[in-house]
Amino acid sequence: KKSASTTSKSMSIKVLETETLPKEAAHKSNTTAISSLIAQTKRQEVPDRVKSVVEATPDATTSSSINLCPANVPQHLTVSSSSSVDGGNFIVKLKWEDKDHQQEKIKALINNLNVTATKGQLMMINLSKRGLTWLDSKAIRTAMCMNPHLSVLKLSYNNLGDRGSAVVAAGFTMPDNTKHPSLNVLDLGFNAIGDDGCAALTLNAVAGNFNLSTLFLSGNHIRQEGAVAIGGAILQGCSLSELHLSANQIGEAGVQALARAIAERELLVNSDVKNQPKTMEKLHIVGIEMGHEGTTTISRMLLNNYSIRTLC
C-alpha cells in the first residue's frame, strides 16, 4: 500500500495503488483497506446506526464491482456503489441517498408557498410531480383562499388521493362563501383519486361554479359513481368546457350518465334561456372502458351537439 485518501465531498475513495503485489495479496490488502476506509467514512458522513458489509473481488485487468450489503440500514437510507480498476488504482465510489431529503424538500416547498401566499399576488401554482400527499393539501387550500387572482392550479402526478382532493375542492369556497373568482384551470391528473374524491370535487368545485372551465382528472381511479357525480354537476350548472377523464375505469354506465348530462345541458343552452354559460367543447375519454353501449350513447350525443370541438 502506497497511499490511501478519502474525499468526503464526492465520497470517492482511492483505495490502493499497486505495482508488483501478487493477486491474492493485493486482494487481501485491498479488502482490508476498503473496510477500514468505509468504516472511517461512515463515522464522518453516515449515521452511526448504518452498518455495511463489504465483499470485493478486484481484478487487476478488468472492471470489478463492490457490493455493499447493508445490515440494519434505516428505511430512509439507500446505498449504491460502483468501482473500477484503472492503472492499478482501485477506485470505490459510494453514494448515500437519504429518502428523508425528499420530505425536507417538500416541507421547504410548502413553507415557501405559505410565505408567498400571504402576499395575495399568485396567479398560477404549479406543484406537479412534487410527491405531495393529502397532508400538503391544507397549505394549497390556504393559498387558494388567500389569492383571489389565482387562475391556474396544477397538482398532477402527486398522491393527494380522495382526502387531498376534498381539501383542494374546499379551497374553491372563499371566506365570504362565494366561489373562487378567478380559478379556471384545475389539474389533478394522476393523483389516486377515486369516486369519493371526485364527488367532493364536483360538489364544491364544479357544481354552481361559473369560473372553472378546465378540469384534468385523467389517470385516477374514478369509476361509475364518480362519472355520475360529474354528470350531476354539469346538469346543475357550471362553466366546465374542457374535461379530461382518460385512463379511468368509468365503464358503460358512467359514460352513459356523463353523455346524457352533456346532451341535456346542450339542449338547455340552445333553448331560449338567457345567460347560459358555454357547454362542453373538449372531452377526453380515452381508455375508460366505455364498451358498446357507452360508444353508442356518445354517438347519439354528438348528433345534436354543436359545441364539442374535440373528442378523443
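## Close-up views of a predicted model

**View 1. The whole chain.** Of the protein's 312 residues, 44% count as buried (under 20% relative accessible area with a 1.4 Å probe, protein chains only). This is a predicted model, in which local features need pLDDT of at least 70 and side-chain atom pairs count only at pLDDT 80 or more, while totals for chains, interfaces and linings use all residues. Residues are numbered from 1 along each chain as its sequence is written, and side-chain values use heavy atoms, leaving out hydrogens and water. You will find eight helices and 13 strands here (DSSP runs numbered from the N terminus: H or I of at least four residues for helices, E of at least two for strands).

**View 2. Helices α7 and α8 side by side.** Helix α7 (residues 251-270) packs with helix α8 (residues 291-303) at an angle of about 10°, their axes 8 Å apart. The axes are lines fitted to C-alpha atoms over the stretch in contact, with angles from 0 to 180 degrees between N-to-C directions. That makes α7 roughly parallel to α8 (angles under 35 degrees). Contact means heavy atoms within 4.5 Å; among the α7 residues making it are V255 and I262, and α8 residues include T297 and M301.

View 3. The protein averages a pLDDT of 74, and 66% of the residues score at least 70; pLDDT is the predictor's confidence in each residue, from 0 to 100. Over residues 1-21 it stays under 50, and the model has 54 contacts beyond four places in sequence for them. Residues 37-98 also have pLDDT below 50, with 133 contacts in the model beyond near neighbours in sequence.

Methods
Parallel < 35°, antiparallel > 145°, perpendicular 65-115°, else oblique. Buried < 20%, exposed > 50% of the residue type's maximum accessible area, 1.4 Å probe, protein only.
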